[in-house]
Amino acid sequence: MEITALAPLAPVPKQKPATALLSKVLDFSCVDGPGSRMVLFFQGCNMDCGSCHNPQTIGLCNHCGDCVSHCPQDALTLVRGSGQRKALRCDPALCQQCDDCLPHCPRGGNPAALRFTHSQMLARISANALLLDGVTFSGGEATLQRRWIQGLCDAMALTPSCRPLTRLLDSNGLLAAEHWPALLQRVDGVMLDIKALDNGLHRRLTGRSNHQVLASARLLAEANKLEELRWLVIAGCNDTDAEVAALIRLHRQLQSPVPIRLNGFQHHGVRPEFAETHPPTLASRLDQLDAQLTQAGIEVRRTGIQ
Ligand code: SF4
Ligand code: SF4
Ligand code: SF4
């Protein structure tokens, strides 16, 4: 057989490692799922809820530079990005997480959001693993960066110190049905937010229809991956008799028993225009709803003193 010379291999282009944009990382939390959990708050959301307690996680930076002069630590700079474009950079060594820059972003973003590779995050999880029960992917809307999450979950499964940790996802449920399976292979459960059952009210509260959210609830329950439904009760708004009845109807349609977590709307962190028109929800109102849902045979969960 004639042996022909092999053509020299073309150089493999260097690829940048995949990164996720995170608004914040909490090394320990006891309110974002069972036990002690590290929480990754992803930057960017496809809803725009007036009641959002972390509105700085919604917007994405367009590198306008308006925030730069408002950092007392000089942690923010505009550097040369691709081509002629400038890009905002936050120096994690200088940033004190003081949040002074947040009100100065016209896009509702977080100037101090940072990018993480899988290996950077894996090292951080490993360093805390002995004190953790699990990791929660929250936001913003974590599923918008699902490919990075899937890669991190695969890396955790291959890392002895991280393998025992449970992996939970906090989601607004807007993810299309075809994208759930790859995520559900890698996470133990999903905590799904329910904002309103009436579609008109849902649109007013979030800017988006609830059709996909309700479809996600059914899909997740069918896959036995719905850890809990989370209902942020805004008194006098989404707690009418019709809303409660619709929530109970939805719950009865789900294929696996799912607890409902009641959270009361509070003003902390909320944009002023929404806080001015919606009073905080009292614990006594949550008690009433708790009794109604319990009477309907639903397991109710409460957070802290609420
Ligand atoms: S959070 Fe960080 S970047 Fe923002 S003002 Fe404070 S130190 Fe500066
Ligand atoms: S974080 Fe906001 S204010 Fe700062 S550069 Fe980006 S878009 Fe502009
Ligand atoms: S879905 Fe969650 S993170 Fe997104 S805007 Fe609504 S409350 Fe905020």
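Let me start with one residue: Leu-130 sits in the loop that runs between helix H1 (118-128) and strand S6 (134-139). Helices (H or I, at least four residues) and strands (E, at least two) are DSSP runs, numbered from the N terminus.

Before going on, the ground rules. This is a predicted model, in which local features need pLDDT of at least 70 and side-chain atom pairs count only at pLDDT 80 or more, while totals for chains, interfaces and linings use all residues. Residues are numbered from 1 along each chain as its sequence is written, chains are lettered from A and ligands numbered from 1 in the order in which they are written, and side-chain values use heavy atoms, with hydrogens and water left out.

Back to Leu-130. Is Leu-130 buried or exposed? Leu-130 counts as exposed because its relative accessibility is 85%. Buried means under 20% relative accessible area, exposed over 50%, and partly exposed in between (1.4 Å probe, protein chains only). Together with Phe-28 and Leu-131, Leu-130 makes a nonpolar surface patch of about 390 Å². Patches are made of residues with over 30% relative accessible area and no salt bridge; like charges are joined within 9 Å, nonpolar side chains (Val, Leu, Ile, Met, Phe, Trp, Tyr) within 5 Å. The areas come from the Shrake-Rupley method with a 1.4 Å probe, and for residues only the protein chains shown count as cover.

Next, salt bridges. A salt bridge is a side-chain nitrogen of Lys or Arg within 4 Å of a carboxyl oxygen of Asp or Glu. How many salt bridges does a search of the whole structure find? It finds 13.

Take Arg-301. Its side chain meets that of Glu-227 in a salt bridge, 3.9 Å from N to O. Arg-301 lies in strand S11 (residues 300-302) and Glu-227 in strand S9, so this pair ties together parts that are 74 residues apart in sequence. Arg-301 is partly exposed, at 23%, and Glu-227 is partly exposed too, at 24%.

Arg-301 also forms a salt bridge with Glu-228, where the closest N and O atoms are 2.8 Å apart. Glu-228 is in strand S9 and Arg-301 in strand S11, so here the parts tied together are 73 residues apart in sequence. Glu-228 is buried, with a relative accessible area of 1%.

One more pair: Asp-287 and Arg-302 form a salt bridge, with the closest N and O atoms 2.8 Å apart. It links distant parts of the chain, Asp-287 in helix H8 (residues 283-295) and Arg-302 in strand S11, 15 residues apart. Asp-287 is partly exposed at 42%, and Arg-302 is partly exposed at 22%.

On a 1 Å grid over the protein atoms alone, a cavity is a set of points where a 1.4 Å probe fits but cannot get out, and a pocket is an open set with protein on both sides within 12 Å along at least five of seven lines; lining residues have an atom within 4 Å of a point. The largest pocket has a volume of about 1300 Å³. Its lining has 45 residues, and Asp-32, Phe-41, His-53, Asn-54 and Gly-139 are the closest to its centre. Strand S1 gives the largest share of that lining, four residues.

Terms used:
Grid points are joined across faces, edges and corners, and a volume is the space filled by probe spheres set on the points.
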